[in-house]
Amino acid sequence: MIGFLSTIGAAALGVVLFKVLSFVKINYMTSLNMKKRYGKAGDWAVVTGASEGIGHAMAIDLGRRGFNVCVIARTQSKLDSVIEELKQIGVEGKAIPFDFASATPQNYDKLFAELDKIQIAVLINNVGVNYSYTNYFDEVDLETDLRILKVNCEATVRMTKYIVPKMKAKRSGAIVVMGSVSAVVPAPFLCTYAGTKAFNVAFGSSLHYELKEFGIDVLAVSPNMVVSKMTQGVSTRKPRETFLMVNAAKMAHQTLNKLGSVPKTPGHVNHAFLEAVMTSLPVNLVSNKVLALHKSIKRKAERKRE
């Protein structure tokens with residue numbers, strides 16, 4: 001009996017050690033020459049929702065890695081600003097103003113006709129919207145929920161459906177699908193948003209295995225808090241960099257380095273640590289803490305509106 005328990009203990013210790021070593025390798029020792037790995041597919045990267053936050057950080061990081069970058073978002077003036085930054089880095093930029101919230105199939109046809117003019121090696125499915133603040137599901141109007149579904153899910157599916165055949169033909173390419181920590185642990189008061197991000201994580205990590213035989217790397221990302229306007233919208237306070245709320249540029253760089261190594265990642269090492277802790281705790285404990293936090297945010301947001 002003692003020998004059996006010793007064997008079980010040794011096996012458990014071995015599993016823990018393996019997980020620790022894997023965590024260190026992925027989050028501290030992984031790097032990637034993206035131009036070398038995906039250059040066969042083309043010399044352009046496409047980033048949706050690229051005018052600010054994570055999308056902007058991804059665009060700039062891809063430019064620094066040597067890619068020309070096509071940025072897509074609603075506001076032309078913000079896109080022009082990103083293009084100027086890319087020019088200063090020494091790469092080309094292409095701006096396409098596009099509203100994913102109201103886009104029709106015909107609008108997408110026009111978008112894809114523009115994208116046909118460039119050779120795309122990397123697609124970053126980043127565009128996304130959230131509630132203006134955390135709220136009960138039944139208190140959010142239906143139009144808001146449907147807008148979140150359209151932007152967060154439909155855009156990802158349409159953009160990916162467009163690019164996969166092209167990457168398959170060249171047997172090379174990379175696709176990033178942006179999820180959220182709300183896809184990993186329950187996020188009461190953000191139900192529809194969390195549901196769309198859970199879709200994105202499952203979609204991206206499933207495609208990872210489906211497309212890897214064709215030389216295409218897919219990465220689903222589940223970040224926690226990142227300094228951005230979206231974060232400010234649901235927290236009611238101006239975001240500032242902390243251990244939890246990380247710098248968008250660092251998050252983008254660490255995320256892109258993990259392409260080809262794993263099917264999904266929180267991106268930033270701080271978020272990887274936090275996700276490991278949260279998923280090891282009882283789900284009821286974590287969910288109730290999130291619930292209390294989101295109720296507090298709702299109260300503060302509504303007081304601010306009064």
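Which residues are linked with Glu114 in a network of salt bridges? Here are some notes to read alongside the model, with that network taken up in point 5.

1. **Ground rules.** This is a predicted model, in which local features need pLDDT of at least 70 and side-chain atom pairs count only at pLDDT 80 or more, while totals for chains, interfaces and linings use all residues. Residues are numbered from 1 along each chain as its sequence is written, and side-chain values use heavy atoms, with hydrogens and water left out.

2. **Overall make-up.** The protein chain has eleven helices and seven strands; these are DSSP runs numbered from the N terminus, with helices (H or I) of at least four residues and strands (E) of at least two. Of its 306 residues, 50% count as buried. Buried means under 20% relative accessible area, exposed over 50%, and partly exposed in between (1.4 Å probe, protein chains only). The accessible surface of the chain comes to about 15,200 Å², and 58% of that belongs to carbon and sulfur atoms. Such areas come from the Shrake-Rupley method with a 1.4 Å probe; for residues, only the protein chains shown count as cover. Among contacts (heavy atoms within 4.5 Å) between residues at least 6 apart in sequence, 73% join residues at least 24 apart.

3. **The sheet.** Seven strands make an open sheet in the order E3-E2-E1-E4-E5-E6-E7, with parallel pairing. Strand E3 (93-97) and strand E7 (264-265) are at the edges with a single partner strand each, so one side of each has no neighbour in the sheet. Two strands pair if DSSP finds at least two bridges between them. For strand E1 (residues 44-48) and strand E2 (residues 68-73), which run parallel, there are five bridges. If you want a place to start looking, Trp44 stands opposite Asn68 in E2.

4. **Helices across the sheet.** Helix H5 (residues 105-115) lies across E1, E2, E3 and strand E4 (120-125), and runs at about 170° to E3. Helix H7 (residues 191-211) lies across strand E5 (173-178), strand E6 (216-221) and E7, at about 155° to E6. For these angles, axes are lines fitted to C-alpha atoms, for helices over the stretch in contact, and the values run from 0 to 180 degrees between N-to-C directions. Leu115, in helix H5, is buried, with a relative accessible area of 1%. Not counting residues up to four places away in sequence, Leu115 touches Val46, Cys70, Ile72, Ile96, Ile120, Met159 and Tyr162.

5. **The network around Glu114.** Back to the opening question: Lys94, Glu114 and Lys117 are linked in a network of salt bridges. A salt bridge here is a side-chain nitrogen of Lys or Arg within 4 Å of a carboxyl oxygen of Asp or Glu. Between Lys94 and Glu114, the closest N and O atoms are 3.1 Å apart. Lys94 lies in strand E3 and Glu114 in helix H5, so this pair ties together parts that are 20 residues apart in sequence. Lys94 counts as buried at 18% relative accessibility, whereas Glu114 is partly exposed at 28%.

6. **Two further salt bridges.** The structure holds eleven salt bridges. One of them joins the side chains of Glu139 and Lys298 (2.8 Å, N to O). Glu139 is in the loop between E4 and helix H6 (142-170) and Lys298 is in helix H11, so the pair ties together parts 159 residues apart in sequence. Glu139 is partly exposed, with a relative accessible area of 45%, while Lys298 is buried at 9%. Lys150 and Glu154 also meet in a salt bridge (3.0 Å, N to O); both lie in helix H6, four residues apart, about one turn of the helix.

7. **Backbone points to check.** Arg171 has a positive phi of about 50° although it is not a glycine. Arg171 lies in the loop between H6 and E5 and counts as partly exposed at 44% relative accessibility. Phe189, likewise not a glycine, has a positive phi of about 80°. Phe189 lies in the loop between E5 and H7 and counts as buried at 5% relative accessibility.

8. **A nonpolar surface patch.** Phe243, Phe273, Val277, Leu281 and Leu285 form a nonpolar patch on the surface, with about 440 Å² of accessible area together. Patches are made of residues with over 30% relative accessible area and no salt bridge; like charges are joined within 9 Å, and nonpolar side chains (Val, Leu, Ile, Met, Phe, Trp, Tyr) within 5 Å. Leu281 lies in the loop between helix H10 (269-280) and helix H11 (283-305), and is partly exposed, with a relative accessible area of 38%.
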